[in-house]
Amino acid sequence: MSTTQQQSQDMMRLPAERLYADEIAALIKADKGKVPTGWQMSPQAVLTFITGGKAGKTVITPKYIGNKRLVEMAIATLVTDRALLLIGEPGTAKSWLSENLTAAIYGHSGLVVQGTAGTTEEQVRYSWNYAMLLANGPTPEALVQSPIMRAMEAGGIARFEEISRCASEVQDALISILSEKTISVPELGKEVSAHKGFSIIATANTRDRGVNEMSAALKRRFNIVVLPTPSDMETEVEIVKKRVQEIAAAYDLQSAAPADEALHKVVTIFRELRNGMTLDKKEKVKSPAGVISTAEAISLLTNSMALAASFGSGELTDEDLAAGLQGAIVKDDVKDKLVWKEYLDNVMKKRGAEWRGLYTACKELNE
């Protein structure tokens with residue numbers, strides 16, 4: 001094994017372009033479509049990379065399981081000069097889709113602005129190396145380019161995560177960038193203009209509405225694609241199963257994969273608590289204060305596998321799942337504990353023998 005391969009194996013998380021490097025190379029080699037300026041493969045090949053298929057003899061694993069038309073709309077947006085905004089509930093794979101689209105189109109998904117309450121306009125436009133600035137004044141060498149400026153110069157794609165977490169004045173710094181495709185640097189008397197291929201993929205969380213609502217002027221600069229929660233039980237189980245297998249392999253968790261029965265139980269609980277209704281629609285249930293997303297279900301199962309591997313037999317038990325469920329659902333301790341207790345007594349307890357072990361393990365933890 002080469003030093004580079006060993007270093008890759010030792011990394012906790014590889015960017016998509018490295019994780020799926022073989023698939024990307026196979027798609028580029030087999031691509032017969034028209035490749036837009038600045039792209040490394042055609043829109044059709046990007047779609048295959050995201051939704052799965054084959055490139056020659058190479059199997060392309062699906063990165064996003066859901067409505068294929070939404071992915072087509074996202075890719076088509078990036079062919080034009082429009083930026084893309086992915087909106088959805090927490091856990092609807094907005095960031096995952098953003099990263100993989102960027103990896104397939106541009107080959108580098110690391111030009112990222114992470115939106116927070118503390119994100120500044122400088123992080124969107126540019127800043128300065130202040131030691132060099134004080135020593136020599138404003139020079140090109142002292143200029144610190146933002147990820148967006150770097151993407152503009154390279155004709156690549158920048159990602160803006162959780163844009164609605166930023167203050168309004170920071171968001172609005174994007175308006176002129178998206179309209180004029182330039183960033184003015186008056187201190188140097190120059191403008192940085194975007195090369196063909198430049199775009200921005202932003203994500204926004206519907207739970208953040210009202211935090212820093214995006215202005216109408218900024219929204220007009222984006223094509224908006226809304227990513228829904230998985231529409232049916234089977235789709236959500238498939239997503240959870242796939243991601244749990246990938247994460248377990250990446251972290252070499254020495255535990256057996258969750259059985260289909262365990263997957264269905266976890267997804268059933270999450271869908272019922274999320275929707276406020278049992279799957280058969282016969283009984284209403286209260287929802288906890290926290291997010292009950294597909295991503296949380298994935299995290300719960302991988303944590304339960306780690307628990308089974310480290311302190312159990314390596315086989316996932318009801319006790320391991322119960323510990324994961326308790327941590328995932330009971331976040332706001334007083335309210336969530338009551339919600340979870342009611343669900344256990346009014347729903348899970350009545351489900352018969354196949355649920356008895358999980359019910360007992362959960363009940364013991366919630367006492």
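Helices (H or I, at least four residues) and strands (E, at least two) are DSSP runs, numbered from the N terminus.

Residues are numbered from 1 along each chain as its sequence is written, and side-chain values use heavy atoms, with hydrogens and water left out. Because the model is predicted, local features need pLDDT of at least 70 and side-chain atom pairs count only at pLDDT 80 or more, while totals for chains, interfaces and linings use all residues.

The overall picture comes first. The protein contains 17 helices and 11 strands, and its C-alpha trace spans about 75 × 50 × 40 Å along the principal axes. Of its 367 residues, 47% count as buried; buried means under 20% relative accessible area, exposed over 50%, and partly exposed in between, for a 1.4 Å probe and protein chains only.

Two strands are taken to pair if DSSP finds at least two bridges between them.

An antiparallel pairing is found elsewhere in the chain. Four bridges join strand β8 (residues 182-185) to strand β9 (residues 190-193), which run antiparallel, and Ile183 stands opposite Val192 in β9. The hairpin of β8 and β9 has four residues between the strands, and Gly189 in this hairpin takes a positive phi near 60 degrees. Strands of a sheet pair through backbone hydrogen bonds, either parallel or antiparallel.

Two helix pairs can be described next. Helix α14 (residues 294-311) packs against helix α15 (residues 318-329) at an angle of about 140 degrees, with the axes 8 Å apart. The two helices are therefore oblique to each other; angles under 35 degrees count as roughly parallel, over 145 as roughly antiparallel, 65 to 115 as roughly perpendicular, and the rest as oblique. The crossing of α14 and α15 is right-handed, the term used when the near helix is turned clockwise from the far one by less than a right angle, with left-handed used for anticlockwise. Helix α14 contributes Glu296, Leu300, Leu301, Ser304, Leu307 and Ala308 to the contact, and α15 contributes Asp320, Leu321, Ala323, Gly324, Leu325 and Ala328. By class, this contact has eight nonpolar, two polar and two charged residues. Ala, Val, Leu, Ile, Met, Phe, Trp, Tyr, Cys and Pro count as nonpolar, Asp, Glu, Lys and Arg as charged, and the others, Gly among them, as polar.

In the second pair, helix α16 (residues 333-346) and helix α17 (residues 353-365) pack at an angle of about 150 degrees, with their axes 10 Å apart. That angle makes α16 roughly antiparallel to α17, and α16 passes α17 in a left-handed crossing. The contact involves Trp340, Lys341, Leu344 and Asp345 of α16, together with Tyr359, Cys362 and Lys363 of α17. These residues divide into four nonpolar, no polar and three charged.

Single residues illustrate the range of accessibility. Helix α16 also holds Lys335, which counts as partly exposed at 42% relative accessibility. Lys335 touches Ser287 and Ala289, not counting residues up to four places away in sequence. Lys29, in helix α3 (residues 21-30), counts as exposed at 75% relative accessibility. Ser127 of strand β5 (residues 126-128) counts as buried at 18% relative accessibility. With residues up to four places away in sequence left out, Ser127 touches Glu122, Ala142, Leu143 and Val144.

Definitions and conventions:
Axes are lines fitted to C-alpha atoms, for helices over the stretch in contact, and angles run from 0 to 180 degrees between N-to-C directions. Contact means heavy atoms within 4.5 Å.
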